Amino acid sequence: QVQLVESGGGSVRAGGSLELSCAVSGIMISPFCMGWFRQPPGKEREGVAAIDRDSTHYADSVKGRFTISRDTAKNTLALQMDALQPEDTAIYFCARALFGNCGLLAADYEDWGQGTQVTVSS
């Protein structure tokens, strides 16, 4: 059974930083694209960042502020978030993509974590 468990969410002031982690069990992440998504209050889920063996992808709204990384030996995914803004407030999810796909479309992802709350105050 594939499980993804996020951690590291919390509350910060604008301009602050947080690092999210995602521990994956039941499948090795190395062959797959892995992504971070978020769902702001009252809004649709949106792609934030994705990473596979050869590339990374970022939403325009987070480029230069967020960094996605993965540790295939530990089977974990991370998202370093700097210069956080109130509009970054959301539930953040990690996800595993269908084999062969890597992007920011939620429909391309098969396995999802439960999410972790990030709240940024002004």
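Trainee: Okay, how many bridges join β3 to strand β8?
Mentor: Six bridges join them, and the two strands run antiparallel. Keep in mind that this is a predicted model. For orientation, β8 covers residues 76–81 and β3 covers residues 18–25.

Trainee: Which residue in β8 does Cys-22 stand opposite?
Mentor: Cys-22 stands opposite Leu-77 there.

Trainee: And what about strand β1, how does that one run against β3?
Mentor: β1, residues 3–7, runs antiparallel to β3, with five bridges joining the two.

Trainee: Which side chains of β3 are buried?
Mentor: They alternate along the strand. Leu-18, Leu-20, Cys-22 and Val-24 point to one face and are buried.

Trainee: Switching topic: how many disulfides does the count come to?
Mentor: Two. Cys-22 pairs with Cys-94, with 2.0 Å between their sulfur atoms. Cys-22 sits in strand β3 and Cys-94 in strand β9, residues 90–97, so this pair ties together parts that are 72 residues apart in sequence.

Trainee: What is a disulfide, again?
Mentor: It's a covalent bond between the sulfur atoms of two cysteines.

Trainee: Cys-22 and Cys-94, then: buried or exposed?
Mentor: Cys-22 is buried, with a relative accessible area of 1%. Cys-94 is buried too, at 0%.

Trainee: Where does the other pair lie, Cys-33 and Cys-102?
Mentor: Those two form a disulfide with their sulfur atoms 2.1 Å apart. Cys-33 is in the loop between β3 and β4 (34–39), and Cys-102 is in the loop between β9 and β10 (109–112), so the bond links parts 69 residues apart in sequence.

Trainee: How accessible are Cys-33 and Cys-102?
Mentor: Cys-33 has 3% relative accessibility and counts as buried. Cys-102 has 24%, so it counts as partly exposed.

Trainee: Why is the disulfide of Cys-22 and Cys-94 called right-handed?
Mentor: Because the torsion about its S-S bond is about 55°. For Cys-33 and Cys-102 the torsion is also about 55°, so that disulfide is right-handed as well.

Definitions and conventions:
Residues are numbered from 1 along each chain as its sequence is written. This is a predicted model: local features need pLDDT of at least 70, side-chain atom pairs count only at pLDDT 80 or more; totals for chains, interfaces and linings use all residues. Side-chain values use heavy atoms; hydrogens and water are left out. Buried means under 20% relative accessible area, exposed over 50%, partly exposed in between (1.4 Å probe, protein chains only). Helices (H or I, at least four residues) and strands (E, at least two) are DSSP runs, numbered from the N terminus. Two strands pair if DSSP finds at least two bridges between them. A disulfide is a pair of cysteine sulfur atoms within 2.5 Å.
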